[in-house]
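Please look at the sequence and the structure first.

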Amino acid sequence: MKKSSRILVIVSAVLMLGAYFFPIWKISLEAPQYPEGLEMNILINNITGDVAKINGLNHYIGMKHIHAEDFIELKLLPYAVGLLAAFGLLTYWRNNQKLLYTWAVLLIIFGVVGAVDFYLWEYDYGHDLDPMAAIKVPGMSYQPPLFGYKQLLNFLAGSFPALGGWMVIGAISTVIGISIIELRTKKNNKHEKSNVNTIGHSNVGLQ
């Protein structure tokens with residue numbers, strides 16, 4: 001790998017560790033009766049913020065209560081992030097392109113699986129409602145957006161990465177970018193070497 005690629009590899013591995021210190025995702029609720037807004041922060045192993053207030057509101061529309069201990073993802077995530085960061089350190093230490101490409105593929109799979117799992121979690125909470133709920137609106141579901149804003153009754157729900165999530169996204173994007181650059185460099189070097197060999201053989205033929 002090029003020297004610049006190795007530097008970015010170690011930076012990406014360190015960025016992954018940001019998930020241990022900062023929230024990964026944030027879901028917010030805005031409504032006239034809550035001018036200060038409500039927030040729920042998803043950490044690598046916990047859920048914090050106005051969870052009790054949000055559970056209280058969700059009770060009226062029949063949504064299940066949110067408890068961090070119910071999510072196996074929050075138990076597995078610290079190990080998954082740690083292994084991926086360690087793989088990055090191994091890639092830096094071994095200075096090996098194949099390890100870099102493998103790391104990029106693992107990070108892409110991690111990102112896709114994480115997004116799909118989060119969507120399914122939101123779908124389940126937004127659609128699996130208690131039929132005995134105090135407030136029932138025919139045909140209404142309360143699934144928050146995967147990314148962005150969505151109006152749910154009189155609440156504007158927002159769903160965006162938090163600082164830890166942006167650090168992980170930055171790491172994944174950087175590793176994908178490095179891999180593409182290394183692949184192109186390898187391809188160009190191979191092409192130039194092939195041209196040199198062709199010219200060399202031609203010169204020998206002319207003699």
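How much space lies in the largest pocket? About 970 Å³ lies there. The model is predicted: local features need pLDDT of at least 70, side-chain atom pairs count only at pLDDT 80 or more, and totals for chains, interfaces and linings use all residues. Residues are numbered from 1 along each chain as its sequence is written, and side-chain values use heavy atoms, without hydrogens and water.

A pocket is an open set of points on a 1 Å grid over the protein atoms alone, where a 1.4 Å probe fits, with protein on both sides within 12 Å along at least five of seven lines; lining residues have an atom within 4 Å of a point.

The largest pocket is lined by 32 residues, and I24, L77, F110, G114 and A115 are the closest to its centre. Helix 4 (97–127) gives the largest share of this lining, 13 residues. Helices here are DSSP runs of H or I with at least four residues, and strands are runs of E with at least two. By class, the lining has 27 nonpolar, three polar and two charged residues.

The second largest pocket has a volume of about 410 Å³. Its lining has 21 residues, of which L29, L57, N58, I61 and M63 are the closest to the centre. Helix 2 supplies the largest share, five residues. This lining holds 18 nonpolar residues, three polar and no charged ones.

Helix 4 contributes the largest share of the patch, six residues. F147 sits in the loop between helix 4 and strand 4 (148–152) and is exposed at 52% relative accessible area; exposed means over 50%, buried under 20%, and partly exposed in between.

The structure holds three salt bridges, each a side-chain nitrogen of Lys or Arg within 4 Å of a carboxyl oxygen of Asp or Glu.

| Salt bridge | N to O distance |
|---|---|
| K26 and E39 | 3.6 Å |
| K64 and D124 | 2.6 Å |
| K64 and D128 | 3.8 Å |

Shared partners join K64, D124 and D128 into one network. K64 is partly exposed, at 32% relative accessible area, and D128 is also partly exposed, at 42%. K26 lies in strand 1 and E39 in strand 2 (residues 34–42), 13 residues apart.

Note on methods. Points joined across faces, edges and corners; volume = space filled by probe spheres on them. Nonpolar A, V, L, I, M, F, W, Y, C, P; charged D, E, K, R; others polar. Buried < 20%, exposed > 50% of the residue type's maximum accessible area, 1.4 Å probe, protein only.
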